[in-house]
Every structure is written in structure tokens, then in C-alpha cells.
Amino acid sequence: MKHSIKSLFVILGVGAVTYGIHTKFFLEEGSFLDFLSRTYFFHFICSALLVLGIQALSTVKSLVNSLGIAYLASLFIKMGLFVLLFKEPLFAEEETPKSELLSLLIPFFISLFVEVYFIAKILMKIDTSNNIQ
């Protein structure tokens, strides 16, 4: 439980800090800022839920060997949900500037990095405990 709360605060903290830096130094006010805000919110909330879900599954002895596959499946579901929920701004008929499209990759990759960090910690802890037994 203690690790879950710490993970949650770190993930959401990283999201808030990177969002602040991204919007303060690299973007101007406008409609894209609202879309980027929703993108950050989506990616980091999903990342937090993903990590908490994998932490919960890691306590089930019969699922320990399937955690990597569960993570990959949930990552594909996250990407699919993102495209489904944000398809109108992503695939609008009007031309979106390349800089804005590239800006959308920043929250994805940062949240992915944070997810992988915490998932790796969970898997290493499981591997270490298996080697001790």
C-alpha cells in the first residue's frame, strides 16, 4: 500500500512538472493548449492506473509470470483509448502544424518512461523474491 501511494504521487508529480515546463516554455496560449492539457491528464492518469493495476496483480501468485504480457496488453489498450477519445483533434481535416503533433508525443513518452520505471521495479522485486526462495 505504501509503495502504491508513493508511485501514485511520483507519477502524478512528474506529469504536473513536465506539463508546467512544457506549457510555460514551449507553447503559446490557444486552443492547442486545452488539447495538450487533456492529453497530459489522460496519459498520466492512465499511467498511474496501469502501475497500480500491475502492483495489484503482482500480489496474485498465479499471475506473476504474466505481468509483462498484462502490461503490454494494457499499454495497447491505453493507446487505442487515446486514439478513440482524441480522434477528432488528431485526425482533423484542417492541417495541424508539425510542432503541435510532435508536442503530443512528449506526454506519451514521458508517461511511458515513468510506467516502465515502476513496472521494472515491480518485476525486479518479484525476481529478487523468487531467487531468495
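This is a predicted model: local features need pLDDT of at least 70, side-chain atom pairs count only at pLDDT 80 or more; totals for chains, interfaces and linings use all residues.

**A close look at helix H2**

Modeller: Helix H2 (residues 31-57) supplies the largest share of the nonpolar patch, 3 residues. Helices here are DSSP runs of H or I with at least four residues, strands are runs of E with at least two, and both are numbered from the N terminus. Residues are numbered from 1 along each chain as its sequence is written, and side-chain values use heavy atoms, with hydrogens and water left out.

The patch itself consists of Leu 12, Phe 41, Ile 45 and Leu 49, which together have about 380 Å² of accessible area on the surface. That area comes from the Shrake-Rupley method with a 1.4 Å probe, and for residues only the protein chains shown count as cover. Patch members have over 30% relative accessible area and no salt bridge; nonpolar side chains (Val, Leu, Ile, Met, Phe, Trp, Tyr) are joined within 5 Å, like charges within 9 Å. Ile 45 is found in H2, and its relative accessibility of 32% makes it partly exposed (buried is under 20%, exposed over 50%, partly exposed in between, with a 1.4 Å probe and protein chains only).

Arg 38 pairs with Asp 34, with 3.6 Å between the closest N and O atoms. Both lie in H2, 4 residues apart, about one turn of the helix. Arg 38 is partly exposed at 38%, and Asp 34 is partly exposed at 48%.

Now for the neighbour. Helix H1 (residues 2-26) packs with H2 at an angle of about 160°, their axes 10 Å apart; axes are lines fitted to C-alpha atoms, for helices over the stretch in contact, and angles run from 0 to 180 degrees between N-to-C directions. The two are therefore roughly antiparallel, a label for angles over 145 degrees.

As for the rest, the protein has 5 helices and 0 strands. Its C-alpha atoms fill a box of roughly 60 × 25 × 20 Å along the principal axes, and 33% of the 133 residues count as buried. The whole structure contains 2 salt bridges, including one between Glu 115 and Lys 78 at 2.6 Å, N to O.

Terms used: A salt bridge is a side-chain nitrogen of Lys or Arg within 4 Å of a carboxyl oxygen of Asp or Glu. Angles under 35 degrees count as roughly parallel, over 145 as roughly antiparallel, 65 to 115 as roughly perpendicular and the rest as oblique.
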